[in-house]
Each structure stands twice: as C-alpha cells, then as structure tokens.
Amino acid sequence: MKAGNQVSAIKVLFVTSEVAGLVKAGGLGEVSAGLPPALRRRGIDVRILMPAYRDIMARLPAVVWCGDLPGRAAIPPGRLGRTQLADGTVLYLVDTPSLFHRRGTPYCTPEGADWEDNHLRFARLSLAAADIAGGRAGLDWTPDIVHANDWPGGLTPAYMRWDGILLPTVLTIHNIAYQGNFAPGHRHLLGIPDSAFDINGVEFHGQVSFLKAGGFYASHVTTVSPTYAREITTEPHGAGLHGLMQGRAAQGQLSGIVNGIDDSWNPGSDPHLPHHFDPDDLHGKQANADVVRTGLCLRPSSGPLFGIVSRLVHQKGLDLVAGAANDIVENGGQIAILGLGDPEIEHMLSCTSRRHRDDIGLLIGFNEPMARRIVAGSDFTLMPSRFEPCGLTQMQAQRYGALPIAHATGGLADTITDGTTGFLFSTLTPEGLAAACHRAFDTYQDAAHLQAMRRAAMARCFGWAGAAAEYEALYRRLLGRPLAPGGEPSAVSEEMEQAA
C-alpha cells in the first residue's frame, strides 16, 4: 500500500441481477445502485457483477473484455467484461449472448412469462462470481468477501463451497417469497453434486431452490430490515424457509440492515417537481397537490390527498384501500394512485376509481415524474402491505412530508415512528386501515400537530451511509478485521482510485 499508513481496502464482489439506471425490476436495483457507492465512500473496494443484458450494453461506456468464463455441465461458457459507472464503481459483466442478449426484463419475456432457462441464466451469473472468487476469471483482482443478492445470486455461495473456495460470503434476501425454485432434474444441468440435493443443501420440497442454496451455504444471511429478519423465522412470513432461517438466527448468522434512499429525494431540488418546498415553506407542497389533482382529473379540494405509488399486487394490501375508499372519500379525502401489476388488482382499483371518479384518480403504468409528484403533493401515503421486507416509498414519503399510513410489518415498522412521522396499524383489515386514516384526518384538522409531524418526518435521514456502516462492520467481523474502538473507515484509497 502506497498511501501512508493506510491498510489495504477490503475487497468485495457484489453479485446482482439488476442495477437501477441500467436495468431495474424492483428494490434490488435500487440497492445495487445505492449501496456500493456508499461502501466505496467508506474506503471499501466494492465491484459489481451482473449479466450483460442486451439493452444495457449500448448505454455503457467502453467495455474491456478481460477474461474467459468456463462452462459447467449445461451452463455455457462466456466472457467477462469490465467498465466503470459514473460514480467510479467498477462493473463486471457476464456476457453469454445465448442467455442474456434478448428482449424483456431480467427475469421475464416481453409477454411477462418467466424465461424457461432462468436456471441456466442465473447459474451462469453465480458460477462467474465463484470463478472470480477463485481467481479463475483472468482478472488481476480477487475479492476478500463475496456479497450475493436474492435468488439470482443464490448459487454463488454454493458453487464456492463445492469448489473449495473458502472466502466468506453474504447473501442478502430482499424478498423471501421469490426463491428461484426449479425442477429437480435441473441439478444435473447446473453441475450440482448429488450429495447437495438434500435438506441440508439445495433441496426444497423436491425442487432445486437457488435461495435455499444461498441461505444454507452463505457465511451470513442478511435481510433488508431488522423486523423482517425476525419475521422470516416464523411460519407466516418465512415462505417455507422459516426453519432454515431459525437455525441461522440461532447461530448469530442472520441480521437485518435497513436500506436507504438516494439523495435525489430532496423536495427542495427534485427536478421532477414543478414546485419545490421545505419544512419552513410548504406552499410548494400544496401546489404539487393541485398539479396531481389536475393530472388525474380530480375535483378541487381543501381536504387531504392520500397517495399510493406501488406495484399493484396482492402483497401491497390494496384490497384494503378499496374497502376503506368510501370512508376516506366521505370524510373529505381524495386518493391518487399510480402503479402497474396484477390485472385483477388493476381491475379492482379501476372499479373503485370509477365509483368515485371526482375523488379517486388511477394511472396504470409507471412514470417517474408523476410518481414523485404524487409523493410530494400527498398529505398522507397509504401502505397497507401484508408484508414489506423494507420498503422505499415510506422513506421517500417522509422526506416529502407525506405522512405514511402503514401496516406495522417489516421495514415499515422499523422506519416509521407511530404518531410522530406517520401512522401504523396492526389489524390488517379495511377497518384497521380506516381507523388509522381517521387518526390522519384528526391530525389534518390540527394545523400545529400536522406541521410538527411533517417537520419530524422531513428531518429523518434515510441515506445509504448508515447501511454502509453496518455492512462494513459485518464484512470486518466475517474477515476478522474489526475497526479499533473509535476507529474510522479509510477514505477511498489510492489503490482503489488506480484500479478505477
């Protein structure tokens, strides 16, 4: 190391199937875009590994092809590319055209069906991570620790274990309901040892489970909030993996670290907002509400605006909103909804909107400027999720003074202070949601109380720095390199800058 008395940076390979700004299907993309730069700011040499999807290649700066990736069983070979993101983070790309050069999302066809070869596609990603960790990918860099994410990266710790690569591994579960389960015969196509097709391995109810593999073989498992880490050890929330998670928790190998939101969520500077505002001057907030009402053809109103920006799926509890809608409208409220999802949920909300066409507006689809305007213009944000591993909308809503009304589960319970920065309810029924909304109506009528809650919510800090510090502490513990008491992380080192 050349920079004075600095120690060498911890080297982390961050394995993901999506990165916001390149390709995003959900919260994992936001994490992959936000956490690595925050880790770099703490002096960690973190590099991202993801598939070379066709649609992202044209948008990336020059890619240098730096190594060949061997195949295994039916997993085809590929090549490894390297480029650099705008924030300086090194991005490695797994390029196998037969698997990744196609239209659609990372997981689905343009028609919305899962790709039939997803087992090969994401085994290819995981095997590439193991190749890099084992020094087999033609790079002059190897990680100290490998951090895989969700089921698409789930075989990474498994391949490393089977290949005798003894580096520590972390698996982050962003949503345990999505597990990457495939037919048992696929194990031979993926090079999985027969001995690993076992309850103590990759087998899950007779199938090969990528998430089960990661959860079993990783050195440590994290989830995206402390409450969700506890919830997935229980049968109602563990999606069949609660027994495994109970075992990991008992060994001190399961923890929850809350996600962050990026710095663009600032009501004073957000370029998507026609009117900016801050806690001392909220005129812009009301002006944004008027823009939302006009855009959704709602009548002018002096009552509160309730916002929903969400995937329209069963998990989000939007049937409760439909059940409570009459009560909200009768009390003078209006609802602005933006989202895309299951056809039956979309139809249910469309029917609800038509019954109250002057007071409930629905926009099917996703539009970033409109999403931010709804959050900024709303007085309250409805989030009656059945479960919520972390959630980002409640954090964004608090930054914009749109007090969340949420079911007390997962990350919602961890990031909302009931009665101070939002409203939590425990009874998951339309009546439970309506009761929480009545508390919000009462607050709306008390200008001083409403202003105090808005100030408290907008003062919350939900950046990535806190999560990065917790992950660094975890990495150091797994590597046996704790910071000295009172120690501070190194700045981005000369070694990292040269590598970038």
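Is the crossing of helix 5 and helix 7 left-handed or right-handed? The crossing is left-handed, meaning the near helix is turned anticlockwise from the far one by less than a right angle (clockwise would be right-handed). Before going on, a word on the source: this is a predicted model, where local features need pLDDT of at least 70, side-chain atom pairs count only at pLDDT 80 or more, and totals for chains, interfaces and linings use all residues. Residues are numbered from 1 along each chain as its sequence is written, and side-chain values use heavy atoms, with hydrogens and water left out.

Back to that pair. The axes (lines fitted to C-alpha atoms over the stretch in contact, with angles from 0 to 180 degrees between N-to-C directions) of helix 5 (residues 155-162) and helix 7 (residues 210-217) come within 7 Å and cross at roughly 55°. That makes helix 5 oblique to helix 7; angles under 35 degrees count as roughly parallel, over 145 as roughly antiparallel, 65 to 115 as roughly perpendicular and the rest as oblique. Helices here are DSSP runs of H or I, at least four residues, numbered from the N terminus. On the helix 5 side, Leu155, Pro157, Ala158, Arg161 and Trp162 make the contact with Phe210, Ala213, Gly214 and Tyr217 of helix 7, contact being heavy atoms within 4.5 Å.

Now for the other pair. Helix 1 (residues 27-41) and helix 18 (residues 465-479) have axes that come within 9 Å and cross at roughly 70°. So helix 1 is roughly perpendicular to helix 18, and their crossing is right-handed. Leu35, Ala38 and Leu39 in helix 1 meet Ala467, Ala468, Tyr471, Glu472 and Tyr475 in helix 18.

Notes:
Helices (H or I, at least four residues) and strands (E, at least two) are DSSP runs, numbered from the N terminus.
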